Number of protein chains: 2
Amino acid sequence: MRMLDIIAKKRLGGRHTDEEIAFVVKAASDPKAGVPDYQLTSWLMAVCCRGMDETETAALTRAMALSGRRLDLRALRAPKVDKHSTGGVGDGISLVLAPLMAAAGLVVPMMSGRGLGHTGGTLDKLESMKGFRVRMGNDEITAQLGRIGVCMFGQTQDLAPADRTLYSLRDASATVESVPLVVASILSKKLAEDLDALVLDVKIGSGAIFKNLKEAQALSRALVKTARELGLKAVAVLTAMDQPLGRYVGNSLELVQAVEILRGDFTSADYAQCLLTLGGWMMQLGGKAKDPKEGAAKLESVIRSGAALESFKKMVAAHGADPRVADDLDLLPKAAMKRDIKAPQAGFITWLDARKVGEAAVILGAGRANKDSELDYGAGFILDKKVGARVKKGECVARIHGSDPAKMDEAAACFVTALKIEGRKPKPMPVIRQVVK
Amino acid sequence: MRMLDIIAKKRLGGRHTDEEIAFVVKAASDPKAGVPDYQLTSWLMAVCCRGMDETETAALTRAMALSGRRLDLRALRAPKVDKHSTGGVGDGISLVLAPLMAAAGLVVPMMSGRGLGHTGGTLDKLESMKGFRVRMGNDEITAQLGRIGVCMFGQTQDLAPADRTLYSLRDASATVESVPLVVASILSKKLAEDLDALVLDVKIGSGAIFKNLKEAQALSRALVKTARELGLKAVAVLTAMDQPLGRYVGNSLELVQAVEILRGDFTSADYAQCLLTLGGWMMQLGGKAKDPKEGAAKLESVIRSGAALESFKKMVAAHGADPRVADDLDLLPKAAMKRDIKAPQAGFITWLDARKVGEAAVILGAGRANKDSELDYGAGFILDKKVGARVKKGECVARIHGSDPAKMDEAAACFVTALKIEGRKPKPMPVIRQVVK
């Protein structure tokens, strides 16, 4: 079998056999296979243009999951659940959800990623707590899960190495937006986590990979179907990512948001709703509630009891950072400078473009322009007004946190382009758009 | 401008601006541009899948032609003409055509390539003459053209370097069969030769890049149209490549064929017809004949006068090899062993698959399995019977020339799969299929 023939077959719209898929995955996970990157990207682009059917997608996912060493969580009694988001701006929900679900009696082995471009990454947010360690081996992860029920870690060398290679090549070759490739990338890692159930948060809108409902629905259906085919219970929740989620964008700022919610302060309504919907489904799939509504109610009481915040502290301590951060948010990194962004006119905010806000965050150093960018953990935005809010001319709509006045000027200018203020109150934009079961 | 955005645009079916095309060509010709091969192949595959329109194709061709230093033949009075074949099996016509056209008063700056896979390469055939030098600088090429009117050389470092990079990446990433990419590759090199006119031999059939008439027609039209748009007179002749051309397949064997023709022995009828048709068009486009028929007649008399053979000798000497080869074919490399391939049954030969014969030649070492393969110059096939011939059971249909009995066995077995013998005489297969002006 030759890589060239496999590429040519897909270019012509052919359907790959399991053996061909296995050949590609081997090529991506083993440098000794001798298949150069420029052949892998040619194949990736052919897949983007010609697609893959369900059988091919499942075969690719399975082969990628098996390309490394999986976690082995059979010794743990409680159901193993996880949530995966396709990525957005202000989406720090994992920071709350992981310790919350552990407090509710589930086991959460949560492998997360770093931010790139306008989207943030859970690992970066966690690392804004000094000393928080996310590089862990499989044995250590398993042990921590046994002890406290939650572990948040980066993709190890061992877990789905084929995905690591293909993901970085996709990112560097403009082959990200392909349903079968996205499905295989997400699910291969989740299968390697030895999960029982998975809730998928599929973002739609300007700040998401997929901009429109139809594409997001197609991705959701493919995710749920492929997961089931591979023996993993799954539900996809389509959620809005036209404006940033919650009230904070930035690494330590999103930790502030997380701690506020864990303390029972639900003022960020869209964030809380998203959290409880996703968590409610995890409760149902994990057998802790008869339906997601009951699950959400249980989670609210876990939060109000203080158990979720306690679980968060245990997790922070287990990863080597200072758990007192949960009691004293001043321990988090802070920006040296703050500045208000004022409404250029009176009216209703009708649009607050998530992607542009994410790009403004990159300018500030809160996100990464490229893989090697240094982060400014304290930088970001606090959104005082979101879509639907009425503002007076000159009223503060958002506050910039940063450390470089020139970058803050540039970020403020970018932020303003994200904002639309009009005379009529806009229709409400629901955060939960659809559930695909 | 970023390569990633350019790739993404083409993936979505967008139309490139001249600036985007220029960016890609710069990336392919200048390693300092820092664009990795895996981005170039991703773009190449996007072009294969999404296509390019005429304007994009012309822009790509022009930018590639200008990516290096062109020949400057303005000092030469005679019209500069060339022929380009899209490649086939047994197609050694350039070996005759280049010196023949020079003898007819035209200037022929012929840049040629090497064989790869089942197709042969003119440079390899020339190099089967010991000492024949094809690596030449622009100044040397120009001087030789001034002196004897013909020069056959390999692509220099200077000429269309963007094509050199893209061609080798296409070959290695299964992105060869794309009309706009083929057009730009062929014409950029020809434009860099500073030609007045170009005749294109577009092969159709099992041994050609394009297997069917429709695809070959589309390529021919795109070639002629783009050439004209860039100020180059051009005609495309579609010729059959279902069976090998002529009676010889192999490097020194095809030189034998060439010398036979140059001596006026036209027994290889399809080869002679192809030669005189292409040459006839070159005569017309070069202003030496009022139509291709008159051009062909003039060329026949140039051959019969001995002037063509003389031109060949001058050319061989100018490139550093021994011109006596034209008088004594025994001076060419010869295979150590010969063996007959016999008809397994009686009947008419109805099929002699060019691609399979080419693959059998690779097994013998007459062609290259990969770029670094060593060639056996004497190896190949002499085809005693071609499509339409009546054979008795056990009669010799072809002779294998080789140097390794095991490989000869394997090549013979491959050759037999190329052959179909049936009871009914097949319809004649014309070698000239169509002319696209």
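The structure is a predicted model, in which local features need pLDDT of at least 70 and side-chain atom pairs count only at pLDDT 80 or more, while totals for chains, interfaces and linings use all residues. Residues are numbered from 1 along each chain as its sequence is written, chains are lettered from A in the order in which they are written, and side-chain values use heavy atoms, with hydrogens and water left out.

## Where the chains meet

Let's begin with the interface. Chain A brings 21 residues to the contact and chain B brings 21 residues, where contact means heavy atoms within 4.5 Å. Together the two chains bury about 1,700 Å², with 63% of it on carbon and sulfur atoms; buried area is the accessible area (1.4 Å probe) that two parts lose on being put together, summed over both. On the chain A side, Arg11(A), Tyr38(A) and Met45(A) lose the most area to chain B, together 34% of what that side buries.

The interface also holds two salt bridges, a salt bridge being a side-chain nitrogen of Lys or Arg within 4 Å of a carboxyl oxygen of Asp or Glu. Glu177(A) and Arg11(B) meet in a salt bridge at 2.7 Å, N to O.

## Helix H3 of chain A

Helices here (H or I, at least four residues) and strands (E, at least two) are DSSP runs, numbered from the N terminus. H3 of chain A covers residues 37–50, 14 residues in total, and reaches 20 Å from its first C-alpha to its last, close to the 20 Å expected at 1.5 Å a residue. That expected span is 1.5 Å times one less than the number of residues.

Of the 14 residues of H3(A), 11 are buried, so the helix is largely enclosed by the rest of the structure. Buried means under 20% relative accessible area, exposed over 50%, and partly exposed in between (1.4 Å probe, protein chains only). Among the buried residues are Trp43(A), Met45(A) and Cys48(A). Just after the helix, Gly51(A) takes a positive phi of about 80°.

## Salt bridges within the chains

Over all chains, a search of the whole structure finds 65 salt bridges. Here are some within single chains.

| Pair | Closest N and O atoms |
|---|---|
| Asp124(A) and Arg114(A) | 3.0 Å |
| Arg2(B) and Asp5(B) | 3.1 Å |
| Glu54(B) and Lys225(B) | 3.4 Å |

Glu54(B) lies in helix H4 (residues 54–65) of chain B and Lys225(B) in helix H10 (residues 213–229) of chain B, so their pair ties together parts that are 171 residues apart in sequence. Glu54(B) is partly exposed at 43% relative accessible area, and Lys225(B) is partly exposed at 42%.

## Around the rings

Arg304(A) lies over the face of Phe266(A), at 5.1 Å from the ring centre, and Arg304(B) lies over the face of Phe266(B), also at 5.1 Å. A charge sits over a ring if NZ of Lys or CZ of Arg is within 6 Å of the ring centre and within 35 degrees of the ring normal.
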